[in-house]
Structure formats: structure tokens, C-alpha cells
Amino acid sequence: MLEPIFPLILFAIVATTTPGIATTLSTASGAQFGFRRSVPLLIGSAAGLATVTSAAAAGLAGLLLAVPSLQLAMKVTGSLYLVWLAIKIGRSGPPNLDVTMTRPNSFLGGAGIQWMNPKGCAMGLGAAASFAALASGPMQLALLLGATFGLAAAASLSLWCVAGMVLARLLKTEWQWRALNVVLALVLAASIIPMWRSV
């Protein structure tokens with residue numbers, strides 16, 4: 001039964017595991033707040049990716065092509081939000097010592113990251129084009145892609161969050177934490193670049 005969709009599952013696992021905006025934030029959240037307090041971010045990000053891929057399958061690509069200003073507005077808003085998050089992470093110190101990082105991102109924060117994530121949009125559009133034959137219509141394809149990418153993202157982001165928790169045990173001094181946070185902030189800021197390559 002899984003044989004026809006195995007390539008889609010493999011694609012979703014690889015695409016959601018590679019470093020990007022959501023994986024960086026999951027790692028930072030795991031390091032700063034632990035797994036339990038990061039769950040809303042993880043679930044929100046997985047749900048956000050599920051909706052992005054569903055929307056791609058249901059016709060978001062056509063809307064963005066018809067209204068280019070909407071695409072530009074998404075890029076500007078997404079870039080500003082990600083720069084703000086990068087600065088917030090970069091200024092952080094060890095867990096529980098920095099007032100600017102008093103609580104982890106929320107469910108909506110996690111979902112919003114994916115709604116403005118160029119990697120997520122590219123994954124959704126690529127999967128919709130590549131795996132359209134697996135479904136009998138746009139709505140069935142939307143459900144299939146949404147479920148597959150949502151589950152794959154939940155699993156991979158959980159692993160990245162656990163990796164952050166491991167780092168939290170390894171890093172003992174304030175300068176080590178600051179170095180990690182600066183690296184995570186730079187990776188997050190660098191993930192904005194692909195968004196603007198097509199402009």
C-alpha cells in the first residue's frame with residue numbers, strides 16, 4: 001500500500017531534515033527551553049508546512065503568479081520577521097539567563113515561519129509538480145502532500161530540537177552559549193538569501 005507513495009515519503013523526509021529556517025529555530029529552542037516547552041513551535045511548524053504544501057497542491061502557485069505583488073509582500077514580511085528572530089537568537093545567552101528569550105515561540109510563530117519560508121514553498125510546489133500523478137485531483141493531492149510533509153516535519157524538527165538539547169548539556173560557559181547563538185543566528189539570517197535569488 002505504501003509502495004506507490006514511498007518516493008514522496010522519502011522526498012519529504014530528506015526535504016524536511018536538511019538545515020533551514022525551521023530546523024535552526026527548533027535547534028535553538030531545544031537548547032534554550034528543552035523539548036517539552038518547544039512542542040508548540042514544533043507542532044506549529046509541522047502544521048504550517050502541511051498547509052503550505054497543501055496550498056501549493058491546491059493552486060497557490062497560480063495565485064502567486066497572477067499577483068506578483070503578493071509574492072513580494074510575502075518575501076519582505078518573511079525577511080523582516082526572520083531578521084528579527086536572528087537578532088533575538090544572536091543576543092541570547094545561556095538558557096534562563098537572557099531576558100530577551102524568556103519563552104519559546106508559539107504554535108502560530110512556528111506556523112508563520114513556514115508560511116513565509118521559501119524552502120517550504122519550494123518543497124510544496126516541487127512536490128505538487130512531481131507527485132501529482134499519485135492523486136486523482138487537486139484536493140486529494142493537497143491532503144496527501146499536507147499529511148506527508150506535516151508528519152515528516154514533526155519527526156525531523158523533533159530530532160533537531162533534541163540535538164539542541166544535547167548541545168545544551170555540552171555547553172558549559174557563557175561564551176560557548178553566545179558562540180552557539182551567534183552561529184544559529186547567522187544560519188537563520190543566511191537562510192533568507194534563497195528567498196531573494198529569484199527577484
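Author: Here are the fold, the confidence and some helix contacts, one at a time.

Reader: Before that, what kind of model is it, and how are residues numbered?

Author: This is a predicted model, where local features need pLDDT of at least 70, side-chain atom pairs count only at pLDDT 80 or more, and totals for chains, interfaces and linings use all residues. Residues are numbered from 1 along each chain as its sequence is written, and side-chain values use heavy atoms, with hydrogens and water left out.

Reader: OK. How many helices and strands are there in the protein?

Author: The protein has 9 helices and 0 strands. Helices (H or I, at least four residues) and strands (E, at least two) are DSSP runs, numbered from the N terminus. Along the sequence the pattern reads α-α-α-α-α-α-α-α-α.

Reader: What share of the residues counts as buried?

Author: 44% of the 199 residues. Buried means under 20% relative accessible area, exposed over 50%, and partly exposed in between (1.4 Å probe, protein chains only).

Reader: And what share of the contacts joins residues at least 24 apart?

Author: 83%, among contacts between residues at least 6 apart in sequence. Contact means heavy atoms within 4.5 Å.

Reader: Confidence next. What's the mean pLDDT of the protein?

Author: The mean is 79, and 83% of the residues reach 70 or more. pLDDT is the predictor's confidence in each residue, from 0 to 100.

Reader: Where is confidence lowest, and where highest?

Author: Lowest in helix α3 (residues 60-66), at a mean of 61, and highest in α7, at 91.

Reader: Which residues stay under 50?

Author: Residues 96-101. For that stretch the model has 11 contacts beyond four places in sequence.

Reader: Now α7. How do the axes of α1 and α7 cross?

Author: The axes of α1 (residues 6-17) and α7 come within 8 Å and cross at roughly 40 degrees. Axes are lines fitted to C-alpha atoms, for helices over the stretch in contact, and angles run from 0 to 180 degrees between N-to-C directions. The two helices are therefore oblique to each other. Under 35 degrees counts as roughly parallel, over 145 as roughly antiparallel, 65 to 115 as roughly perpendicular, and the rest as oblique.

Reader: Which residues meet there?

Author: From α1, they include Leu8, Phe11 and Ala15; from α7, Leu145, Phe149 and Trp160 are among them. The contact residues divide into 12 nonpolar, 4 polar and no charged. Ala, Val, Leu, Ile, Met, Phe, Trp, Tyr, Cys and Pro count as nonpolar, Asp, Glu, Lys and Arg as charged, and the others, Gly among them, as polar.

Reader: And how do α6 and α7 cross?

Author: Helix α6 (residues 118-130) and α7 (residues 138-170) have axes that come within 11 Å and cross at roughly 130 degrees. They are therefore oblique as well. Met123, Gly124, Ala127 and Ala128 of α6 make the contact with Leu141, Leu145 and Phe149 of α7. That gives 6 nonpolar, 1 polar and no charged.

Reader: Switching to Gly30. Buried or exposed?

Author: Gly30 counts as buried, because its relative accessibility is 2%. Gly30 lies in helix α2 (residues 21-58).

Reader: What is Gly30 in contact with, beyond its sequence neighbours?

Author: Ser38, Cys161, Gly164 and Met165, leaving aside neighbours within four places.

Reader: What does Ser158 touch?

Author: Ser158, in helix α7, touches Phe35, Leu42 and Ala153, not counting residues up to four places away.
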